[in-house]
Amino acid sequence: MDDTATDRFDTSRFEASRNRLASLAYRLLGTAADAEDTVQDAFLHWQAADRQRIKVPEAWLTKVVTNLCLDRLRSAHARRERTAGAWLPEPLLDGDPMLGPADTFEQRESVSLAVLTLMERLSPLERAVYVLREAFSHSHAEIAEILDITESASQQHLHRARHRITAARPRGGEVDPASARRIVEEFLAAASSGRTERLVALLTDDATAISDGAGLTKRLLRYDTAQRIAAIARAGFKPTPAKRRLAGGTPAIHYAIVNGAPAILFVIGDQVIGAVTFDITDGKIATVRGIAAPARLTRLTEAWRQREPDTPLITQW
């Protein structure tokens, strides 16, 4: 095999792992753009390596991507952004390959916006161990090799990570899709019509709402009590000429699944200008997240353009 044919063969081996590597990087970093950049950096490492000496390419690439992600998480820029309270995970539309693997409840949960947010409470090493074990089923021996730590250290990191996430995550397991859609439709109808009492009834007593302020604020906007969230939702979902000017038109509102959770998308033409996701617990809404910063919606919009949209919940908001 000549050098050109070898390069093509080695490139195809990397490409066969690209989706898995991107999924790993997304879980570790929480943003698709950073995940894609990390995978591309890994490809450059792959090209520069003595590939004839790499016995198991998948393991080698996993180690490279994981450690590139750790470098990003430890960077001064990442620490400033994430500790400033202006960070939310980037939402991804159902079916995006970056969300895989998704065969088990643990794998699906590890890519939920709730758990991606909670992982911010972990150290970079705890986060890496948690993702490698829960989402990719690596043994502690394999994790130790990837992270250059001992097996007992891997076990300790996993124990701490599980404890911190379990203690803080919403109660309950997966929600029936039909029930989730009904609850979200009721929320939208109540918010659009200004029925505060119905909104409060749909929310848990300890419900939380978080918004990125469409990227116009330096910090996330947070609302705690069901009554306050209902008031904000009633005001926020009421269309006005000023809001339409700010949005750049009159959006349609579609139901969607985002990171495994029910969501509504505000869409103008083929551009998603806002996403609102819902965590549902025991038949009520526990968390509402509003994401409208354009940079956070790039990949979701690209995925939206690839599918035939269903009938919107609201044709003209």
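Predicted model: local features only at pLDDT ≥ 70, side-chain atom pairs only at ≥ 80, totals over all residues.

By a salt bridge I mean a side-chain nitrogen of Lys or Arg within 4 Å of a carboxyl oxygen of Asp or Glu. The structure holds 18 salt bridges, and I'll go through a few.

Glu-36 and Arg-299 meet through their side chains, 2.6 Å from N to O. This pair links distant parts of the chain: Glu-36 sits in helix H2, residues 32-48, and Arg-299 in helix H14, residues 298-305, 263 residues apart. Are the two partners buried or exposed? Glu-36 counts as partly exposed, at 38% relative accessibility, while Arg-299 is buried at 17%, because the cut-off for buried is under 20%.

Next, Glu-120 and Arg-127 form a salt bridge, with the closest N and O atoms 2.4 Å apart. Glu-120 is partly exposed at 27%; Arg-127 is buried at 2%.

Now the strand. S6 covers residues 284-291, and seven of its eight residues are buried. S6 pairs with S1, residues 203-211, in the parallel sense over five bridges, with Leu-203 opposite Ile-285. With S5, residues 271-281, the pairing is antiparallel over seven bridges, and Phe-278 has Val-288 as its bridge partner. The hairpin of S5 and S6 has two residues between the strands, and there Asp-282 takes a positive phi near 50°.

A salt bridge also joins Asp-279 and Arg-289, at 2.9 Å between the closest N and O atoms. Asp-279 is in S5 and Arg-289 in S6, ten residues apart. Asp-279 is buried at 12%, and Arg-289 is buried at 5%.

Technical notes. Residues numbered from 1 in each chain as written. Heavy atoms only, no water. Buried < 20%, exposed > 50% of the residue type's maximum accessible area, 1.4 Å probe, protein only. Helix = DSSP H or I, 4+ residues; strand = E, 2+ residues; numbered from the N terminus. Pairing = 2+ DSSP bridges.
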